[in-house]
Amino acid sequence: MSEIRANITAVGMYVPEKRVTNHDLSRVLDTSDAWIRSRTGISERRIAGKDQANSDLSVRAIQDALEGTPHRPEDIDLIIVTTVTPDMMFPSTACRIQEKIGAANAWGFDLSGACSGFLFGLSTAAQFIRTGTHKKVLVVGTDVMSSIIDFEDRATCVLFGDGAGAVLLEPTEEEEVGILDSTLGCDGSGGKFLFMPAGGSHRPASHETVDKRMHYVHQDGRNVFKFAVRVMCDTSVGLLQRNGIPTDQLSLFVPHQANMRIIKSSMSRLKLAEDQVAVNIDRYANTTAATIPTCLAEAHRQGRLKKRDKVLMVSFGAGFTWGGILLGWGMDPP
Ligand code: UT7
């Protein structure tokens, strides 16, 4: 009997209309376009409007994914929303999305994996598909980082942007299609290098926490950088070797988009050519859980992927967390 695997059968994305360039930031901060470009590879980012919450971005990404497909919101069984910037602490953003898109037959929940969230969500969704209990699962990687960034801290605010990406997973028994392998990890000892200190039960919101700017992203960039370079390479090499895939047979490498220098170090270790790598950090910056699904959506839309192409997605993030998923692409180009 052939194995049931989870296959991506629709993909979409949304980024807000408002562009903020490095030059815009350099007018209000002690920074420069040259510094941001050379240290990160970022040129601009998108920032959500005041009336746009996480669920609004997510709904647009889901609509983009489902448009032109036979799938209707009522067909969805489960919605997994991966984010660190939910609309509210509760109810879950998944519940708000369920109502907004009219997914009357779906249940759903939020999953917190920071920049690894989308791969954690995809792996979780894949279990529901493999068991045969669920047939159509939406996974949304979505973040409104502008809601938790200190725009007076030049060391962090230049790095992030807002966006959402969504995929639909369905079962397949086709050879070499769907999620072929994955590896996921976390190491809580890295928590002190990237975190939001207040607003949870550890440090509930108070006047003091607000005055001390504790509801923003705090990061030790150098330590995160060192961890990222190591784990991105090790995860990629491990997955490719375990599956006997030489890097020249990889159609697309989709790394988390946090810093172009981190992406370049993986490319050089894996000996990847530029046309094998998905990049959107230059235009959207680090959109946390949205970086990988937005890259996938763009690659699909641009016709860069055909059925059975091997795709390797790799992430790292706060926690520390990391993950890698090897996919056999399951769709024909649009
Ligand atoms: O998905 C989330 C995961 N997060 C990450 O992946 C972040 C990983 N880390 C990084 O990407 C890099 O460490 C950064 C981009 C955050 C920083 O780059 P860096 O090359 O590690 O710079 P640095 O922190 O060592 O700072 C170098 C200098 C410092 O000045 P001094 O002390 O040398 O005088 C900083 O104050 O650059 C200064 N600096 C800036 N200068 C202009 C820091 N931010 C800025 C800025 N504009 N925006």
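Predicted model: local features only at pLDDT ≥ 70, side-chain atom pairs only at ≥ 80, totals over all residues.
Trainee: Which residues are in contact with Thr 31, leaving aside its neighbours within four places in sequence?

Mentor: They are Leu 25, Ser 26, Ile 36 and Val 158. Contact here requires heavy atoms within 4.5 Å.

Trainee: What makes His 256 buried?

Mentor: The relative accessible area of His 256 is 1%. The limit for a buried residue is under 20%, and His 256 is therefore buried. The residue is placed in the loop between strand S11 (252–255) and helix H9 (260–270).

Trainee: How do you know that the side chain of His 256 makes a polar contact, and what is its partner?

Mentor: The partner is the side chain of Thr 291, at 2.8 Å. A polar contact is a pair of N or O atoms within 3.5 Å, one able to donate a hydrogen and the other to accept it. The pair formed by His 256 and Thr 291 is listed as such a contact. Beyond four places in sequence, His 256 is also in contact with residues including Cys 115, Met 232, Ile 263, Asn 286 and Phe 316.

Trainee: Thr 291 belongs to helix H11. Why is helix H11 called mostly covered?

Mentor: Of the 11 residues in H11 (residues 291–301), 10 are buried. Among them are Thr 291, Ile 292, Pro 293, Glu 298 and His 300. Just after H11, Gly 303 takes a positive phi of about 75 degrees.

Trainee: What class does Phe 128 receive, and why?

Mentor: Phe 128 has a relative accessible area of 22%. The buried class ends under 20% and the exposed class begins over 50%, so Phe 128 is partly exposed. Phe 128 is placed in helix H5 (residues 117–130). Leaving aside neighbours within four places in sequence, Phe 128 is in contact with Leu 78, Trp 107, Thr 133 and His 134. Phe 128 and Asp 77 are 10.0 Å apart, C-alpha to C-alpha, and 51 residues apart in sequence.

Trainee: How do you know whether the radius of gyration of the chain agrees with that of a compact globule?

Mentor: With 334 residues, a compact globule would have a radius of gyration near 20 Å. The chain has 19 Å, which agrees. Its C-alpha atoms fill a box of roughly 60 × 45 × 35 Å along the principal axes.

Trainee: What else describes the chain as a whole?

Mentor: The chain has 11 helices and 13 strands. Buried residues make up 55% of the 334 residues. Among contacts with a separation of 6 or more, 79% join residues 24 or more positions apart. The accessible surface comes to about 14400 Å², with 51% belonging to carbon and sulfur atoms.

How values were computed
Residues numbered from 1 in each chain as written. Heavy atoms only, no water. Helix = DSSP H or I, 4+ residues; strand = E, 2+ residues; numbered from the N terminus. Buried < 20%, exposed > 50% of the residue type's maximum accessible area, 1.4 Å probe, protein only. Rg over C-alpha atoms; globule rule 2.2 N^0.38 Å. Areas by Shrake-Rupley, 256 points an atom, 1.4 Å probe, with all protein chains shown as cover.
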